Amino acid sequence: MTAPGPVVFFGTPRFAVPCLEVLADSEFRPDLVVSQPSRPAGRGRALRMPPVATQAAELDLYCEQVAKVRSEAFLERLEALRPWIAVVVAFGQIFPRRLLEIPEEGCVNVHASLLPRYRGAAPIQAAIAAGETVTGVTTMRMEKGLDSGPILLEREVEIGDRDMSPDLAAVLSTAGAELLLETLRGLASATLVASPQDEGEVTWAPRLEKSDGYVDWTLPASVLYNRYRAFTPWPGMTASFREEPVKIVECALGEMVASGAEPGTVAERASSLQVVCGDGRALELVSLQRPGRRALSALEFANGERVEVGDRFEAP
């Protein structure tokens, strides 16, 4: 089988790289890869290419780093290419209707959830934060609405009770690459039929804000632990101790506390700190970090700051 025409791949972060690699090694090898521009990164603020642009170079694929895909110059170049299909994986820009209508077969998106659940920019984090045990990947035809297009194929993926966002992203990106290839082969052979999403089942996964990582000790311990797994490494989990912010680098679910202490109270001080949550169960703090300092074990933190049972962690 060969692709019916030129293939264009839009993608930016590491999550999109397995999809690009699979296509590069298939009958759907992209004729054009489009990625976001390089950005300043690291302590020296040197320009750093996005992972998709770096991988495209290694795969000897032609890549353009485009600041605005809605620009007239870019749209004219794309129209001149006359692509059969455009594949979009975590690209990071909103497509105008004109772009959506350029490819003969349309634009196909790989989304990291089982749509219509968790439409939006942070589906992986939202699924973990909600305590889901199953999520997945979906391929769909893109339309003007946000992640609202008809579904082509879906694949379920289990979420382990200790999975962190980066772990789950790696699993989903691999599953998404396999699903993408199956999707393109189905479209090329005209054997795949899209199904509309059930608008009554829609949930949302908006872009994360720094405040999403602020610890509310009145929440149940399991909720805070799920938020820790979802929001690490960014925005992370930040509490306040003695009116100064402290980042929770590592934590675990603790035991039920019989003291009846207020949420945020240190119930035990040993190799870890057991802090009471809203349901009476403790969140076990394993590692903490003050701004601008190195991360410390809970015991180092407790010794350095003379933490005692009965002291209180607060919301930032």
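# Reading a predicted model together

Tutor: Let's start with Trp84, which is buried, with a relative accessible area of 2%. Please keep in mind that this is a predicted model.

Student: Which part of the structure holds Trp84, and which ring is it stacked with?

Tutor: Here is the general idea: a pair of aromatic rings is described by the distance of the centres and the angle of the planes. In this case the partner is Phe28: the two ring centres are 5.9 Å apart and the planes stand at 15 degrees, so the pair is stacked. Planes under 30 degrees apart count as stacked. Trp84 sits in the loop between helix 3 (72-81) and strand 6 (85-89), while Phe28 belongs to the loop between helix 1 and strand 2 (32-35), so their pairing ties together parts that are 56 residues apart in sequence.

Student: Is Phe28 buried or exposed?

Tutor: Phe28 counts as buried, with a relative accessibility of 0%.

Student: How many aromatic pairs does the structure hold?

Tutor: There are nine aromatic pairs in the structure. Ring pairs also join Phe10, Phe74, Phe91 and Phe95 into a cluster.

Student: Now to helices. What is the angle between helix 1 and helix 2, and how far apart are their axes?

Tutor: Two packed helices are described by the angle between their axes and the distance between the axes. Here, helix 1 (residues 17-24) packs with helix 2 (residues 51-58) at an angle of about 25 degrees, and their axes are 10 Å apart. Angles under 35 degrees count as roughly parallel, and helix 1 and helix 2 are therefore roughly parallel to each other. The crossing of helix 1 past helix 2 is right-handed.

Student: Which residues meet where helix 1 and helix 2 pack?

Tutor: From helix 1 come Val17, Leu20 and Glu21, and they meet Pro51, Val52, Gln55 and Ala56 of helix 2. Sorted by class, this contact has five nonpolar residues, one polar and one charged.

Student: How many residues of helix 1 are buried, and which are they?

Tutor: Six of the eight residues in helix 1 are buried, so the helix is largely enclosed by the rest of the structure. The buried ones are Val17, Pro18, Cys19, Leu20, Leu23 and Ala24. They pack against strand 1 (7-11), strand 2, helix 2, strand 6, strand 7 and helix 6 (165-188).

Student: Which residues other than glycine have a positive phi?

Tutor: Tyr118 has a positive phi, near 60 degrees, without being a glycine. Its place is the loop between strand 7 (107-111) and helix 5 (123-129), and Tyr118 is buried at 9% relative accessible area. Glu243 is not a glycine either, and its phi is positive at about 65 degrees. Glu243 lies in the loop between strand 10 and strand 11 (244-256). With a relative accessible area of 74%, Glu243 is exposed.

Conventions
Residues numbered from 1 in each chain as written. Predicted model: local features only at pLDDT ≥ 70, side-chain atom pairs only at ≥ 80, totals over all residues. Heavy atoms only, no water. Axes fitted to C-alpha atoms, helices over the stretch in contact; angles between N-to-C directions. Helix = DSSP H or I, 4+ residues; strand = E, 2+ residues; numbered from the N terminus. Parallel < 35°, antiparallel > 145°, perpendicular 65-115°, else oblique. Left-handed = near helix turned anticlockwise from the far one by under 90°. Contact = heavy atoms within 4.5 Å. Nonpolar A, V, L, I, M, F, W, Y, C, P; charged D, E, K, R; others polar. Phe/Tyr/Trp six-rings, centres within 6.5 Å; stacked < 30°, edge-to-face > 60°. Buried < 20%, exposed > 50% of the residue type's maximum accessible area, 1.4 Å probe, protein only.
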